[in-house]
Amino acid sequence: MDEKVIVVDATFLKTVYGGQLVFATAQDPNHHHYPIAFGIIDSENHSSWPWFLENLKAVVPDDPELVFVSDRHKSIIYGVSKVYPLARHVHCIWHLAQNVKGHAQQGVKKDDVVDKFIKCAHAYTGSEFKKEFDEFRKLYPACAKFLVDKIDVERWARCIFEGEKYNLDTSNSCESMNSVFRKDRKLSLLPMLDKIIEKFAFWSNKYRNECASMPSTKVVVPFVENVLHERCPIAKRLTVREVNGQEFLFDVFGSDGVVCLVDLASKTCVCRMFDIDKYPCVHAIAALMAKIKKDGRMSTLSVYDLCSRYYLVETWARAYVKTIYTVPHISTWAIPEDVLKLFAYPPDYTAKRGRNQEERHPSEGESRKKKKKKTSNKCKPHQDLGVFF
């Protein structure tokens, strides 16, 4: 799998020696975490992050299509710009939302600020973004001023960003890694590394088997298949007017009264969900239904032809072709004599009073809300999109 969107983050180790565990992760086509690299650093600074990224560059070269997602730590921003000058770098909108709500005036509900900011960040079109941000500016002028003065809008607004993020706009994958290895971060270095590699090997094998068990009739990954299955009944009720059948252009009348021009040949729609998500929106599905109905048996176009190759099952399978091996027992190691003579001294440390911090301190005003229902990424063998076309 070509990793085009990489999330980087760091978390503290919980030993007397301190230090931090850093991760670089991607997301596989079925929205599973896809770890690429990890390392140990003394702290987040202008030396450690460039060092980690230089090592990452050995397996993920610099590329104009590459996108990094992270919080706004100055050393990460410095490291990415130095080591990956061709790549784009965007901010995790969840972390940015915590910064934004800190500028809200007294008496304002912090969670309302976050919700409104996320709506601005997730807008698909320029007009939708302008409408949402104008409302945000009226409700929370200090927060809007902070965003305008301090943050480049391309680093957080979906509709302004010109690259391809495949809707990955938070560092949640790395945050999840931090949670998974919460207990392991209390271990000394080598046992911790063994645990991390063991978990990576488990995930790799699990998703390899999951992919191999997919029915042969399935073309796209379960996540996209399930999204399309949710959209098809809606698309079936929309009115479609052919604009230019030879060029695959259609006007689709949305349930909200808005008419969207769909270009099936270039895989675009005025709503821009088709363009950004890389799989068809309800308007594109409705246009396809009209096209297939008109062409009848002569039609060769499928809903899967409108999906990016990134979301094909074969692309998902390629991501897990290689095996991750766990570290064998030390009794089986063949260690050179010159290496046996070496001794690694532990770093100096200052003993701290009291117990080590076990839980993460929440950001100011942070609260945990109930998760919204998300589209499943589990395969449903008896689900058939063919019934809609």
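How much area do domain 1 and domain 2 bury between them, and what share of it lies on carbon and sulfur atoms? In this predicted model, the two domains bury about 1,200 Å² between them, with 55% of that area on carbon and sulfur atoms.

The domain assignment of the protein places domain 1 at residues 5-206 and domain 2 at residues 222-311. The centres of the two domains, taken over C-alpha atoms, are separated by 32 Å. At the interface, 12 residues of domain 1 are in contact with 12 residues of domain 2.

Polar interactions also occur across this interface. Between domain 1 and domain 2 there are 7 residue pairs in polar contact, and 1 salt bridge is found. Glu164 and Lys278 form a salt bridge through their side chains, with an N to O distance of 3.2 Å. On the side of domain 1 that touches domain 2, the residues comprise 4 nonpolar, 5 polar and 3 charged.

The model also contains an open sheet of 4 strands, arranged in the order E6-E7-E8-E9 with antiparallel pairing. Its edge strands are E6 (239-244) and E9 (268-269), each of which pairs on one side only. Strand E6 is joined to strand E7 (residues 249-253) by 5 bridges in the antiparallel sense. Within this pairing, Val240 has Val252 of E7 as its bridge partner.

Definitions and conventions
Residues numbered from 1 in each chain as written. Predicted model: local features only at pLDDT ≥ 70, side-chain atom pairs only at ≥ 80, totals over all residues. Heavy atoms only, no water. Domains from an automatic or database assignment. Contact = heavy atoms within 4.5 Å. Buried area = accessible area lost by both parts, 1.4 Å probe. Salt bridge = Lys/Arg side-chain N within 4 Å of Asp/Glu carboxyl O. Polar contact = N/O pair within 3.5 Å; in protein donor to acceptor, adjacent residues only side chain to side chain. Nonpolar A, V, L, I, M, F, W, Y, C, P; charged D, E, K, R; others polar. Pairing = 2+ DSSP bridges. Helix = DSSP H or I, 4+ residues; strand = E, 2+ residues; numbered from the N terminus.
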